[in-house]
Amino acid sequence: MTLTTHDAEAFAPETMRYVRGQFAHLEHDARGTSRLFFENSGGSLRLRAASERALEISLFPEAPSRPGKVARDLARIEQQGESDLLAFFGGAPDGALLPTATASQAMFVLVRTITENVPGTNIVTTALEHPSSYDACEQYARRTGQELRTAAPNRTTGGIDPSAVAELVDAETSLVSVIATSNITGAITDIPALVEAVREKNPGVHVIVDAVQYAPHGVLDAQGWGVDGVNIAPYKMFGDRGNAFTYLSPRLAELGHDRLTKASSRTWSVGSSAPAVFAGFSAIMDYLVTVGGASPATDRRDGIVAGMHAVQRHEQALLHTLLNGTERQAGLRRLPGVHIHFADTAATSPRDLIVPLTFDGLSCADAVRAYEDNGVTVYERVATSHYSERILRSLGLEGVVRVSPLHCHTPEEAEHFLRVTEMIAK
């Protein structure tokens with residue numbers, strides 16, 4: 001289920017109190033200074049339970065592969081984490097998991113594996129891709145002698161139309177790599193429609209999805225979507241930095257890849273495992289199940305999905321407040337001197353809780369500093385950055401102020417942000 005602002009429903013008060021109590025540094029930074037953290041696309045606010053659980057397990061010296069009692073406990077923690085990951089991804093039981101230090105590293109592994117093992121003359125991607133996806137496609141297209149084809153974005157929605165990708169695919173396409181949500185525009189790609197469109201052109205083509213931005217805000221369904229690879233980064237979804245996970249379809253898992261000679265062909269983890277990172281991820285899933293109101297007996301996947309749907313509905317309510325305001329405060333659509341890009345299509349085009357802004361007579365960098373001076377943390381994405389240049393210029397922009405709240409924020413905080421924005425614009 002992909003929601004729009006028509007599906008907005010803020011958390012009930014008791015749920016809101018629970019949610020806000022779970023996050024560290026929600027109202028104050030690490031120095032104790034009050035601030036409103038609307039920069040969650042750069043790395044989200046942290047769940048205390050995820051970090052605390054990971055730290056607790058990381059202190060154990062035992063290895064989960066050993067026969068001792070504590071070691072067996074660690075092995076069970078890791079198994080639970082793997083099960084939770086498959087449930088979160090919506091992956092097939094015979095799919096595989098690739099743990100890496102970063103999601104960017106995983107994208108290079110997937111692109112390399114497919115381009116080195118799957119025959120083809122071209123790779124298709126989009127101009128909105130994160131550099132880890134786009135640059136991997138560019139480099140491995142060059143190394144394998146394939147053509148790189150890049151779909152342009154829709155400048156009205158700020159997203160990728162499935163038809164724009166499909167028209168570049170032919171019988172010789174080896175790989176399609178696409179982002180699920182742009183971390184600059186907030187536009188959500190219709191992955192099922194895209195997969196259907198490209199597979200009509202090439203039924204066997206491998207499709208991988210960068211879901212780092214999408215994962216904290218929407219329901220992943222790797223098996224239902226029919227994709228071959230999906231990556232996530234826990235630090236973008238309330239967890240810690242330094243670990244990432246990628247789901248691989250059964251057919252991708254069987255392709256030639258780096259592994260120990262005696263290991264199963266489905267084994268993608270090389271070296272000692274880290275039970276702590278699995279423990280931290282399970283703590284995030286426990287939180288989502290609670291937010292969704294599911295009972296402990298509920299199927300794990302169903303509980304996770306219920307939690308994500310609750311998150312989506314609340315975030316759409318926040319987006320509606322930011323765009324349209326309240327009885328007391330005008331929304332971004334009605335603030336003189338403020339321009340919202342792409343998010344103005346929120347009523348008809350599914351969007352993440354990201355609002356790209358520009359101001360009349362004020363640079364993006366100066367606007368960000370003005371927000372900071374008024375206790376609000378946001379971030380500028382500008383074309384002088386390698387992370388943003390290709391994306392912004394494909395959209396006809398040189399920079400935006402990216403506003404990215406999280407579901408732990410309240411409509412009242414969104415209203416406060418609007419007051420600060422109106423003051424800055426004057």
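A crossing of two helices counts as left-handed if the near helix is turned anticlockwise from the far one by less than a right angle, and as right-handed if the turn is clockwise. The exercises below apply to a predicted model.

**Exercise 1.** Describe how helix α12 packs against helix α14, and name the residues through which they meet.

*Solution.* Two packed helices are described by the angle between their axes and the distance between the axes. For α12, residues 364–373, and α14, residues 411–425, the angle is about 125° and the axes lie 10 Å apart. Angles of 65 to 115 degrees count as roughly perpendicular and those over 145 as roughly antiparallel, and the value found here therefore makes α12 oblique to α14. By the definition at the start, the crossing of these two helices is right-handed. On the α12 side the contact involves A367, A370 and Y371, which meet F417, V420, T421 and I424 of α14. Sorted by class, this contact holds six nonpolar residues and one polar residue, with no charged ones.

**Exercise 2.** Work out the order of the strands in the open sheet, and state which of them stand at the edges.

*Solution.* The sheet is open and has four strands in the order β9-β10-β13-β12, with antiparallel pairing. Because β9 (338–340) and β12 (379–382) each have a single partner strand, they stand at the edges, and one side of each is left without a neighbour in the sheet. The partner of β12 is β13 (residues 399–403), to which four bridges join it, and V382 stands opposite G399 in β13.

Key
Residues are numbered from 1 along each chain as its sequence is written. This is a predicted model: local features need pLDDT of at least 70, side-chain atom pairs count only at pLDDT 80 or more; totals for chains, interfaces and linings use all residues. Side-chain values use heavy atoms; hydrogens and water are left out. Axes are lines fitted to C-alpha atoms, for helices over the stretch in contact, and angles run from 0 to 180 degrees between N-to-C directions. Angles under 35 degrees count as roughly parallel, over 145 as roughly antiparallel, 65 to 115 as roughly perpendicular and the rest as oblique. Contact means heavy atoms within 4.5 Å. Ala, Val, Leu, Ile, Met, Phe, Trp, Tyr, Cys and Pro count as nonpolar, Asp, Glu, Lys and Arg as charged, and the others, Gly among them, as polar. Two strands pair if DSSP finds at least two bridges between them.
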